[in-house]
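User: I would like to learn how to read a structure feature by feature. Can you take me through one?

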Amino acid sequence: MKIEFYKHHLSKNDKEEVQKVLDSLFLTTGEWVDRFEKKLAAYTENKFSVGLMSCTHALELSLRYFGIGMGDEVITTPMSFIATANSIEYVGAKPVFIDVEEKTGNIDASLIERAITKKTKAIIPVHLYGQMCDMKKIRQLADAHNLKVIEDAAHCVEGKRDGTGVGELGDIACYSFYATKNLTSGEGGAISCNDPAIYEWFKMARMHGMSKNAAERYTKKYEHYDMKFLGFKCNMSNIQAALLINQIDRLEDLLKERESIAKLYDGGLDRNFYIRKPSVVSDTKHARHLFTIWVNSEKRDGYMDKLQDVGIGVAVNYRPIHLMKYYKQKYGYKPGDFPVAEKIGASTISLPFYPKLKTEEIDYIIKTVNRIIIN
Ligand SMILES: *Cc1c(COP(=O)(O)O)cnc(C)c1O
């Protein structure tokens, strides 16, 4: 059997929506982007959303909106995709890593306060694998120290915790529609927020700081534009938005499907003494982006080889950011600095986890994992 690590779930409906854009006048930012933004904002129960080219852009622009740059520090987690810390590097600020919770892999909110200095300007929590961080506590800390909170919600459009969703307690939430994410257009990103000033700034910042986009300039008669500030170029196109629009209606159903796959995995792997898994904290709606298991770190790479040899696609999410060459060289990080993140990074294996997985594929994965992981 050959089981891909990921397969997208684009439907006929999604493809037809793209065809409509291709047959229309504006391929770039326009009507479809507007419609997508309204739907994403409504789904996340935020007032506004702005479509961008990636979550990396969303994070970087969020930091820039708050004027964070040279000489500033931003607190974040080493247990994430490198994009999270890189966005802080782009603006010239320093990422200050905090170790993660043993049980979830999320930033350990109880360790944040001692890392706050006069230079600290913001916290970027990452809702790892789709499970939200302790946003109540993070918001309290941020308010006590006058910090901004930018949520990296690349794994977590659907999540909730303690009754609040993504973007509610953070100042800005950043989303990714990269190829393997729950909601995907191959590449793409967005923010959501509740402050009209943030919304207005992002609409211009994604387009060079221009006061009008192409659709606005040309739909009726040509209108002059002005450039209000030095913006960027990372606006979402109608083509991307069209792919995304109808997926939003299916998010809850797709989540249910991933939830039932997670149950099958849990049931099938629970008796294996050599496998541990992140746990779900109480009062949480888990967005179920990735399904990872934790195994003996000395055997991990060998297990991955064996799983791939018998056709099972796997990945590592993630090797901790502070031990990447760039971060080691620039800041002098070394093994032992963030032991919990390092332990997770050395022992984690992500299994195939998407609605298209067939029952016999899931059975095969469970059987094979239990046959291979035996010490
Ligand atoms: C995928 C991902 C990103 C980056 O998303 P892009 O849209 O590819 O820029 C950022 N953070 C996390 C946690 C991710 O998984």
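Predicted model: local features only at pLDDT ≥ 70, side-chain atom pairs only at ≥ 80, totals over all residues.

Analyst: G67 has 59% relative accessibility, so G67 counts as exposed. The cut-off for exposed is over 50%. G67 sits in the loop between α3 and β2 (73–76).

User: Which residue is 54 residues apart from G67 along the chain, and what separates their C-alpha atoms?

Analyst: That residue is K121. The C-alpha atoms of G67 and K121 are separated by 9.3 Å.

User: Is R258 buried or exposed?

Analyst: Apply the cut-off for buried, under 20% relative accessible area. R258 has 2% relative accessibility, so it counts as buried. R258 belongs to helix α8. Set aside its neighbours within four places in sequence, and R258 is in contact with E158, N182, A287, R288, F353 and P355.

User: Next, the nonpolar cores. How many residues has the largest nonpolar core, and which have the most contacts inside it?

Analyst: The largest nonpolar core has 43 residues. Those with the most contacts inside it are F36, L40, I75, I112, I138, Y175 and F177. α1 (12–22), α2, α5 (135–144), β8 (172–176) and α8 (238–269) each supply at least two of its residues. The largest share comes from α8, with 7 residues.

User: Which residues is F177 in contact with, leaving aside its neighbours within four places in sequence?

Analyst: Two of them, F36 and L40, are in contact with F177 and are also listed among the residues with the most contacts inside the core.

User: On to pockets. How much space lies in the largest pocket?

Analyst: The general idea comes first. Rolling a probe the size of a water molecule over the atoms shows where empty space is left. In this model, about 530 Å³ of space lies in the largest pocket. It is lined by 29 residues, and the closest to its centre are F81, Y178, T180, K181 and Y318. Helices α3 (55–65) and α4 (83–90) each supply at least two residues of that lining. By class, the lining divides into 16 nonpolar, 10 polar and 3 charged residues.

User: Which residues line the second largest pocket?

Analyst: About 190 Å³ of space lies in the second largest pocket. Its lining is formed by S24, L25, F26, G30, E31, W32, D34, K203, N213, A215, E216 and N238. α2 gives the most, with 3 residues. The classes are 4 nonpolar, 4 polar and 4 charged.

User: Last, the sheet. What is the order of the open sheet of 3 strands?

Analyst: Strands of a sheet pair through backbone hydrogen bonds, either parallel or antiparallel. Here the order is β7-β6-β10, with antiparallel pairing.

User: Why is one side of β7 and of β10 left without a neighbour in the sheet?

Analyst: β7 (164–165) and β10 (284–285) stand at the edges, and each has a single partner strand, so one side of each has no neighbour in the sheet. Look next at how β10 is paired. Strand β6 (residues 160–161) and β10 pair in the antiparallel sense over 2 bridges. The bridge partner of R161 in β10 is T284.

Definitions and conventions
Residues numbered from 1 in each chain as written. Heavy atoms only, no water. 1 Å grid on protein atoms, 1.4 Å probe; cavity = no way out; pocket = protein on both sides within 12 Å on 5 of 7 lines; lining within 4 Å. Points joined across faces, edges and corners; volume = space filled by probe spheres on them. Helix = DSSP H or I, 4+ residues; strand = E, 2+ residues; numbered from the N terminus. Nonpolar A, V, L, I, M, F, W, Y, C, P; charged D, E, K, R; others polar. Pairing = 2+ DSSP bridges. Core = buried A, V, L, I, M, F, W, Y, C linked by side-chain atoms within 4.5 Å. Buried < 20%, exposed > 50% of the residue type's maximum accessible area, 1.4 Å probe, protein only. Contact = heavy atoms within 4.5 Å.
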